[in-house]
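Here is a short note to read with the structure open beside you. Take the points in order and find each residue as you go.

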Amino acid sequence: MGVIDSMKIIKIDGRDPEPDKIEIARNIMKKGSIIVYPTDTVYGIGANIFDEKALLKVFTVKKRPKNKPLSICLSRVQDIEMVAHIDEETEEIIKKILPGPFTLILKKKNSVSPLLTADSDRIGIRIPDNKVCKELSRDFPITSTSANISGYDVPESAEEVLKQLGSSVDIMLDAGICKHGIPSTVIDMTVKPPEVVREGAGNDQILDSK
């Protein structure tokens, strides 16, 4: 573990993350602080989505307008029911493409703060193909927004994150270069058939909505 610009850097094995390092990060989020963590696409900023003060910190760190929503990261497909409405047909589609490099737009439940969704009735959900993400979001959903200042390049490595965020985040889990290196493909699941609204990582995969 090292310290650069007051941000604690914790090297972690992306394929087989060390439980003690995951626990450090989870405990920090439980206390209302925020972290940076690797996904299968790019590095993200993580906060407990049920802690509004922590959500405000994410907006502040990213210098992101509050009229722009934040996506969230879940551990399993079964966890979607905590935060969003999902029917059997949609669930079958989701099971075919998640975990993976996609953000799925679904109708949110009342348990989700309007701060997270910019007062809309929809929520962006990620279940990355990444074991660090799976373990971090096991106890509660966490934010899944890229670890950059809004309008700046999206980072795929720890070094790039540090250049932008410096000491504004408590810790960073460093697992090296992310698998895809570009943001996820965004799919609106609230329409039939589902519609790609942003092309990104995973865009070459075929979505079978039947």
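**Notes on the model**

1. Start with helix 1. This is a predicted model. Helix 1 covers residues 19–30, which makes 12 residues. At 1.5 Å a residue, those 12 residues should span 16 Å.

2. Which residues of helix 1 are buried? They are Ile22, Ala25, Arg26, Ile28 and Met29. These residues cover an arc of only 160° around the axis, so they sit on the same side of helix 1.

3. Next, look at what that buried side meets. The buried residues of helix 1 pack against strand 3 (35–37), strand 4 (44–46) and strand 8 (142–143), as well as strand 10 (171–174). They also pack against helix 5 (131–136). After helix 1 comes Gly32, with a positive phi near 95°.

4. Six strands form an open sheet, and their order is 8-5-7-6-11-12. The pairing is mixed. Strand 8 and strand 12 are the edge strands, since each pairs on one side only. Strands of a sheet pair through backbone hydrogen bonds, either parallel or antiparallel.

5. Take strand 6, residues 102–107. Strand 6 runs parallel to strand 11, and four bridges join them. Phe102 has Thr185 of strand 11 as its bridge partner. Strand 6 also pairs with strand 7 (residues 122–126), here in the antiparallel sense and over five bridges.

6. Follow strand 11, residues 185–188. Thr185 and Ile187 point one way, while Val186 and Asp188 point the other way. Are these residues of strand 11 buried or exposed? All are buried.

7. Continue to strand 12, residues 195–198. Three bridges join strand 12 to strand 11 in the antiparallel sense. Asp188 stands opposite Glu195 in strand 12. The two strands form a hairpin, with six residues between them.

8. Helix 3 (residues 88–97) lies across strand 6 and strand 11. Its direction makes an angle of about 165° with strand 6.

9. End with Thr60, which lies in helix 2 (residues 52–62). Why does Thr60 count as exposed? Its relative accessibility is 59%, and exposed means over 50%. Thr60 and Ser168 are 108 residues apart in sequence. In space, their C-alpha atoms are 9.2 Å apart.

Note on methods. Residues numbered from 1 in each chain as written. Predicted model: local features only at pLDDT ≥ 70, side-chain atom pairs only at ≥ 80, totals over all residues. Heavy atoms only, no water. Expected span 1.5 Å × (residues − 1). Buried < 20%, exposed > 50% of the residue type's maximum accessible area, 1.4 Å probe, protein only. Arc of directions from axis to C-beta. Contact = heavy atoms within 4.5 Å. Pairing = 2+ DSSP bridges. Axes fitted to C-alpha atoms, helices over the stretch in contact; angles between N-to-C directions.
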